[in-house]
Amino acid sequence: GKKTPMGIIYRPPNSNLDIGYKLNQELKLSCRKGNATVVMGDFNLHVDWENQVGTGPQEREFVECLRDGFLGWLELEPTREKAILDLVLCNEPDLIRELKVKEPLGGSDHNMLRFSLTFSEGDGEVGCVSITAEQRGLQRHEGGQS
């Protein structure tokens, strides 16, 4: 059946260029032709989303990566103070429903994003990949559910 890769990403603020490059490679890998892909998380990148322009080299590479993978961003409300750092990305926007910015959970300084995923009956597997970008490199954790 058809697979839907899902990614959960945390990229620490001020990560080095190598981390940004590896993160972009993972995003491109997830967007292989024919797969619906959903990626969500705290990207900690400052992008002018209205004009789709990155404010620095990592941000510009990230925006280009999203264009290359046909990943659309579905959240354009600030999630930390006035910054849009937390995103839900998807190359098939009809999968995402009811995306809302909610109050922070617990003691977090980021607002929570809440949404529903909508799959047609028989769409196949949903696999989850959690990618944590740390200063020493990306850590990938895979799991899935049929």
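Q: Why is Cys65 called buried?
A: In this predicted model, Cys65 has a relative accessibility of 3%, and because buried means under 20% relative accessible area, Cys65 counts as buried.

Q: What makes Cys90 count as buried?
A: The relative accessibility of Cys90 is 1%, and since that value is set against a limit of under 20%, Cys90 counts as buried too.

Q: How many disulfides does a search of the whole structure find?
A: The search finds zero disulfides, where a disulfide would need a pair of cysteine sulfur atoms within 2.5 Å.

Q: Where is His110 found, and why is it called buried?
A: His110 is found in the loop between β7 (96–102) and β8 (112–117), and its relative accessible area is 12%; because the limit for buried is under 20%, His110 is buried. His110 and Ile84 are 26 residues apart in sequence, and their C-alpha atoms are 9.7 Å apart in space.

Q: Why is Glu92 called partly exposed?
A: Glu92, which lies in the loop between β6 and β7, has a relative accessibility of 32%. Because buried means under 20% and exposed means over 50%, with partly exposed in between, Glu92 counts as partly exposed at 32%. Along the chain Glu92 and Leu71 are 21 residues apart, while 8.0 Å separates their C-alpha atoms.

Q: What share of the residues in the protein is buried?
A: Of the 146 residues in the protein, 40% are buried.

Q: How many helices and strands does the protein have, and in what order do the elements run?
A: There are two helices and ten strands, and from the N terminus on the order is β-α-β-β-β-α-β-β-β-β-β-β.

Q: What makes β2 count as mostly covered?
A: Five of the five residues of β2 are buried. In a regular strand the side chains alternate between the two faces of the sheet. In β2 both faces are covered, with Val38, Met40 and Asp42 buried on one side and Val39 and Gly41 buried on the other.

Q: How do you know that β2 pairs with strand β1 (residues 3–10)?
A: Five bridges join β1 to β2, and because two strands pair if at least two bridges are found between them, the two strands count as paired. They run parallel, and Tyr10 stands opposite Asp42 in β2.

Q: In which sense do β2 and strand β6 (residues 86–90) pair, parallel or antiparallel?
A: β2 and β6 pair in the antiparallel sense, over five bridges, and Val39 stands opposite Leu89 in β6.

Q: How many aromatic pairs does the structure hold?
A: The structure holds two aromatic pairs. In one of them, Phe43 and Phe62 lie 5.2 Å apart, centre to centre, with 40° between their planes; because planes under 30 degrees apart count as stacked and those over 60 as edge-to-face, with the rest tilted, this pair is tilted. The pair links distant parts of the chain, as Phe43 is in the loop between β2 (38–42) and β3 (47–48) and Phe62 is in helix α2 (residues 57–68), 19 residues apart. Both Phe43 and Phe62 are buried.

Q: Why is the pair of Trp49 and Phe62 called edge-to-face?
A: The ring centres of Trp49 and Phe62 are 6.5 Å apart and their planes stand at 85°, and because planes over 60 degrees apart count as edge-to-face, the pair takes that name. This pair also links distant parts of the chain, with Trp49 in the loop between β3 and β4 (53–54) and Phe62 in helix α2, 13 residues apart. Both Trp49 and Phe62 are buried, and Phe43, Trp49 and Phe62 form one aromatic cluster.

Q: How many cavities of 30 Å³ or more does a search of the whole structure find?
A: The search finds one cavity of 30 Å³ or more, and about 40 Å³ of space lies in the largest cavity.

Q: Which residues line the largest cavity?
A: The lining is made of Arg11, Gly20, Leu23, Asn24, Leu45, Gln58 and Phe62. The elements that give two or more residues to this lining are α1 (17–30) and α2, and α1 gives the most, with three residues. The lining residues divide into three nonpolar, three polar and one charged.

Notes. Residues are numbered from 1 along each chain as its sequence is written. This is a predicted model: local features need pLDDT of at least 70, side-chain atom pairs count only at pLDDT 80 or more; totals for chains, interfaces and linings use all residues. Side-chain values use heavy atoms; hydrogens and water are left out. Rings of Phe, Tyr and Trp (its six-membered ring) pair if their centres lie within 6.5 Å; planes under 30 degrees apart count as stacked, over 60 as edge-to-face and the rest as tilted. Helices (H or I, at least four residues) and strands (E, at least two) are DSSP runs, numbered from the N terminus. Buried means under 20% relative accessible area, exposed over 50%, partly exposed in between (1.4 Å probe, protein chains only). On a 1 Å grid over the protein atoms alone, a cavity is a set of points where a 1.4 Å probe fits but cannot get out, and a pocket is an open set with protein on both sides within 12 Å along at least five of seven lines; lining residues have an atom within 4 Å of a point. Grid points are joined across faces, edges and corners, and a volume is the space filled by probe spheres set on the points. Ala, Val, Leu, Ile, Met, Phe, Trp, Tyr, Cys and Pro count as nonpolar, Asp, Glu, Lys and Arg as charged, and the others, Gly among them, as polar.
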